[in-house]
Amino acid sequence: MNTPPSPSGSRHSDTSPVRLGALVPLTRPGWVEAGRHLLAGLELAAGEVNDAGGIDGRPLELLVRDTAADPERAAAAVEELAGLGVAAVVGEYHSVVARAAAARADALGVPFLCSSAVLDALAEERTDRVARLAPAQSHGWRIYADFLLAAGRDRIAVVTQPSVYWATGTRLLREHLAPRGGTVLELDANALTPEALCDALVDHGASALLLLVGSPEPAVPFVRAVRDDRRLADLLIGAPAGQPEFAGWAASLGEDGAGIPFLRYLPERLGPLGDRVAKELRERLGEAPSFVAFEGWDSVTVLAAALRSHGTDRAAVAASWSRIAVEGTRGPIRFSRAPGIGVWQWTWAPIQVVDRDPSEHGRFRVLHAG
């Protein structure tokens, strides 16, 4: 009598694949460009794991599911993947979606390594099953607020859409800036035309406008309107969530899209491993890889190390976070418990505030490092 495969992946033949679920936004309203870069990193790393012999001779297989920025769809995908016997789930870019995936994975006993989402409350309760590579929003956005103050920008306007992620970002900025004399004015993107936004910025005497909105809509029309308004010639436009990182931003806005500082999770210089992976990602993508592509590569590499060292049983993977030590593309990766964060966390990925150089839109300038 044959024994059916265990959902935990602990009873497979020696040649059966070790399956990983991969959550990626590949269709709109998801941020498709980010999803494409994340998937490129995930797939490149999985291929390299298999070229090196897989997981103790067993091939690593990615089961990719499109979340389309939909939390319910992500939760359903985790449930499906759990039934297919994945050893763990990896990926996701959108914070609210990753939170839904983390909750479902935790409930089902499936380890989840979040690649790119930054919302502090990735899990409502402390859990051993969830870990994250991206820095927590509170850490990165405070660094961004420090950059604003150092640049002499203390009257901040944020134009925002309804979202836990944007609302949390606004609160973090206000809490960090207020004790230092900064103010934050919140403007509703859904209630303002681009022209009305410009009028509100003038009335407020804002020294900076932060785009806490989706891209390309409504971010691109807002940027164009501000750039065309002579009253706002000295206004700094910022996008802490990283909209200008991707080539589509430069293609949509051209010169208007340069000089807009954003958060990027890369070191000032990549080491030999990062350089090698960057070259291969560039060939795969046909363009310069974003930090999101590196997050994808690092995520699969971390899980492969856990699977090789601790086995493919889900409980063993979930128990391994504190013992993992991996050389990633952006530095050594180890996980710990950060105050106020309910998941195992890499503390921290390198953080930069950068912008696209107005004189050469394909080049990034490092303005501040945290």
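Of the 370 residues of the protein, 56% count as buried. The model described here is predicted. The protein has 11 helices and 15 strands. Its radius of gyration is 21 Å, close to the 21 Å that the globule rule gives for 370 residues, so the protein is as compact as a globular protein of that length.

**Overall dimensions and contacts**
- Taken along the principal axes, the C-alpha atoms fill a box of roughly 80 × 40 × 35 Å.
- The protein exposes about 14,800 Å², and carbon and sulfur atoms supply 49% of this area.
- Among contacts between residues at least 6 apart in sequence, 70% join residues at least 24 apart.

**Nonpolar core**
- The largest nonpolar core has 76 residues, and those with the most contacts inside it are Leu-60, Leu-113, Trp-141 and Phe-335.
- Helix H10 (residues 291–310) supplies the largest share of this core, 11 residues.
- Leaving aside residues up to four places away in sequence, Trp-141 touches several residues, among them Tyr-165, Trp-166, Leu-212, Pro-240 and Leu-263.

**A three-stranded sheet**
- An open sheet is formed by 3 strands in the order S10-S14-S15, with antiparallel pairing.
- Strand S10 (262–264) and strand S15 (360–369) stand at the edges with a single partner strand each, so one side of each has no neighbour in the sheet.
- From one strand to the next, the twist averages 45°.
- S10 and strand S14 (residues 352–357) run antiparallel and are joined by 3 bridges.
- Arg-264 has Gln-352 in S14 as its bridge partner.
- In general, strands of a sheet pair through backbone hydrogen bonds, either parallel or antiparallel.

Conventions
Residues numbered from 1 in each chain as written. Predicted model: local features only at pLDDT ≥ 70, side-chain atom pairs only at ≥ 80, totals over all residues. Heavy atoms only, no water. Core = buried A, V, L, I, M, F, W, Y, C linked by side-chain atoms within 4.5 Å. Buried < 20%, exposed > 50% of the residue type's maximum accessible area, 1.4 Å probe, protein only. Helix = DSSP H or I, 4+ residues; strand = E, 2+ residues; numbered from the N terminus. Contact = heavy atoms within 4.5 Å. Pairing = 2+ DSSP bridges. Axes fitted to C-alpha atoms, helices over the stretch in contact; angles between N-to-C directions. Rg over C-alpha atoms; globule rule 2.2 N^0.38 Å. Areas by Shrake-Rupley, 256 points an atom, 1.4 Å probe, with all protein chains shown as cover.
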